[in-house]
Amino acid sequence: MKPTLAPFPATRLRRMRQSPALRALSRQNTLTVDDLIWPVFVMDGKDDETPVASMPGVVRRTVNRVAQAAKEAQDLGIPAICIFPYTGMEARTEDCAMAWDPDNLTNQAIRAIKDAAPDIAVMTDIALDPYNINGHDGFVENGEIVNDRTVDALVKMALAQAEAGADILGPSDMMDGRIGAMRAALESDGHQNVTILSYTAKYASAFYGPFRDAVGASSALTGDKKTYQMDPGNSDEALRLVARDLSEGADMVMVKPGMPYLDICRRVKDTFGVPTYAYQVSGEYAMLQAAAQNGWLDGEKVMMESLLAFKRAGCDGVLTYFAPAAAKLMQG
Ligand code: PBG
């Protein structure tokens, strides 16, 4: 039964807001370090890092530096790190063979992290774009992004990452049928404990712009990704995608981007009650950092408020470039 609200002045909703103690007691949602997944960029080279211009505070790191960063993240209590490779045109081919090479940058980084920081969960990205000559997440035939041939390649990529020691596979490609195909291959290849965090409701968004700079995809990409990523006007379709991915064996689902799509997070959590994550993407990070650098916003406060919003929207965690900064702040 719903309690009825006594009329004013018996009910004064400001009573519970009057002191830090009462506000703490009545706070419904909180952010903790357990909620963070940290996306990092790995590049070729020896013991080096370079800044990403459109993402102030974010760098690309060589494999050994990624391993060091993972150790630091583990020490901060961050439960998971997610690897994205920076690739030049020389790594890109029409057949994308580097994507499932056991020694590609991602797989090297997985092994190095497992060595340096065995307790942090390692998440990957599964999509062909870092290795594709035209920057698309799938194979292109006669101007069309083909589905089924791409899924076969993504399965090879998934198996190579599982073999290297990944804990969480992150298919970000938005092809149909990829979760089921990957799950079946993992089961039959002895990787039954490898989890899948599906980029389930991934929208065709302009907020990915700085990321494409970070991974070297901006100049490679021809056209847009609208035939596979979702239309920003759609909401019900996200629920169909979640139902589909769960039925194919996804362990966790993701909504991406984050802040502009909090309504989707809430619908997904309310409808399915499964582990639900959001990706606070590069453009969201860049906006907040740019405003903070200009002195227009308080950087730390908007960082924490934006992350808390994901919890309020029902998310169990969030992929965020702020992860180490937020973790340090929470450590006090
Ligand atoms: C590509 C991929 C993208 C992101 C993660 N994986 C970009 C895209 O779809 O073009 C975006 C992440 C971000 O913007 O922070 N498979």
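Glu49 is partly exposed at 36% relative accessibility, a class lying between buried (under 20% relative accessible area) and exposed (over 50%), computed with a 1.4 Å probe and protein chains only. The model is predicted: local features need pLDDT of at least 70 and side-chain atom pairs pLDDT 80 or more, while totals for chains, interfaces and linings use all residues. Residues are numbered from 1 along each chain as its sequence is written, and side-chain values use heavy atoms, without hydrogens and water.

Glu49 forms a salt bridge with Arg65, the term denoting a side-chain nitrogen of Lys or Arg within 4 Å of a carboxyl oxygen of Asp or Glu. This pair joins strand S2 (residues 49–51) to helix H2 (residues 63–76), 16 residues apart; helices (H or I, at least four residues) and strands (E, at least two) are DSSP runs numbered from the N terminus. Arg65 is partly exposed at 22% relative accessibility. The whole structure contains 19 salt bridges, including those tabulated below.

| Salt bridge | N to O distance |
|---|---|
| Glu49–Arg65 | 3.2 Å |
| Asp245–Arg178 | 3.6 Å |
| Asp316–Lys269 | 2.7 Å |

Asp245 and Arg178 are both buried. These two residues also belong to a salt-bridge network with Asp173, Asp176, Arg244 and Glu248. Asp316, by contrast, is partly exposed, with a relative accessible area of 30%.

The structure holds 0 disulfides, defined as pairs of cysteine sulfur atoms within 2.5 Å. The sulfur of Cys82 lies 16 Å from the closest cysteine sulfur, that of Cys315, and is therefore too far for a bond. Cys82 is buried, at 0% relative accessibility.
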